[in-house]
Amino acid sequence: MKTVLITGASGGFGCEFAIQLEQAGYALLLHGRDKARLQLTLDALQYPERHKLVFADLSSRKETEVLIDSLVGSELYGLVNNAGFGVWGGFAAKESVAQADVIRVDLLAPVMLSHAVLPCLIRNKGFLINVSSLAAETPLPYLATYAAVKAGMTFWSEAIRAEHQGEVRVVTLAPGPSPTGFRDVSGAPKGKGNAFSTSAEQVVLSSLQTLDAGGGYCVPGWRHKLLWLIQKLTPRFISLSLMANYLKK
Ligand SMILES: NC(=O)c1ccc[n+]([C@@H]2O[C@H](COP(=O)([O-])OP(=O)(O)OC[C@H]3O[C@@H](n4cnc5c(N)ncnc54)[C@H](OP(=O)(O)O)[C@@H]3O)[C@@H](O)[C@H]2O)c1
């Protein structure tokens, strides 16, 4: 049975990836930090005995390396770089450690993990799904570090896709607002961006359809596509001023 590692499988998109990838017939390595929440994901699956739980705090280089070492011999077919979080608030007001952790978890860990398993994914003609964000499409005041990191994720993922065209399918997933744990973790005020909210189920389904089509850049659902179009059509000086007002708490 082909094995797929999903990082951040303990909730939100990660749990939904677990449900839909199990339905597609894969055995799963479900990663997270929180054992109880990861167990809830396992409980939501139809064949829990088929899957394994793995733990690592991806803000820790050491724990990321231990996770990578544990993958030796597991002959991965797929990797979903999904784990991530943001820190909402004025840049100067928020702790620098938390902001550096956003860089480590949302960009450094995916780069390290992917680099380690890519030869295996290529050998198995498998896939890589990188969960980026529409936050990557425009600088975001009050989510400055997160948006910069996701811009890095999108550029890196799209470049990898071009480098390995025909060898491994790569999906760069760019969702907008979705009802997951993201807002609570980031400290975002309720209500922002709700008009564009799209379910985790739809987001994951769209990314797997893009995967079936051979990989690509995926903006899921019509609401997120509309938001993407607005981002593309709005000059940066206007969007910066609009977002600085809109995203301020
Ligand atoms: N929801 C949105 O509106 C939205 C939009 C665009 C992109 N995204 C992206 O979607 C991805 C999934 O987030 P989500 O929306 O599903 O949020 P979520 O429900 O909060 O899930 C985040 C996942 O990331 C894991 N994680 C966070 N910090 C970690 C760390 N230091 N080490 C290891 N794992 C860590 C969490 O594990 P623990 O449970 O162990 O903490 C959890 O499983 C993220 O990359 C996020 O940036 C979200």
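**View 1. Residues around the ligand.** Of the 28 residues around the ligand, those that come nearest are G8, G12, R33, G84 and G181; a residue is near a molecule or strand if its C-beta atom, placed from the backbone, lies within 6 Å of it. The structure is a predicted model, in which local features need pLDDT of at least 70, side-chain atom pairs count only at pLDDT 80 or more, and totals for chains, interfaces and linings use all residues. Residue numbers start from 1 along each chain as its sequence is written.

**View 2. Make-up of the shell.** The shell around the ligand has 13 polar, 10 nonpolar and 5 charged residues (nonpolar: Ala, Val, Leu, Ile, Met, Phe, Trp, Tyr, Cys and Pro; charged: Asp, Glu, Lys and Arg; polar: the others, Gly among them). At least two shell residues come from each of α1, α4 (96–123) and α6 (182–186). Helix α1 gives the most, with 3 residues. Helices (H or I, at least four residues) and strands (E, at least two) are DSSP runs, numbered from the N terminus.

**View 3. Strands β1 and β2.** Strand β1 (residues 3–6) runs parallel to β2, joined by 4 bridges; two strands pair if DSSP finds at least two bridges between them. I6 stands opposite L30 in β2. From β1 the chain crosses through helix α1 (residues 12–23) to β2 in a right-handed β-α-β crossover (with the strands pointing away from the viewer, the path from the first strand over the helix to the second runs clockwise).

**View 4. Strands β2 and β3.** β2 also pairs with strand β3 (residues 52–55), in the parallel sense over 4 bridges. L29 stands opposite K52 in β3. Together with helix α2 (residues 35–43), β2 and β3 make a right-handed β-α-β unit.
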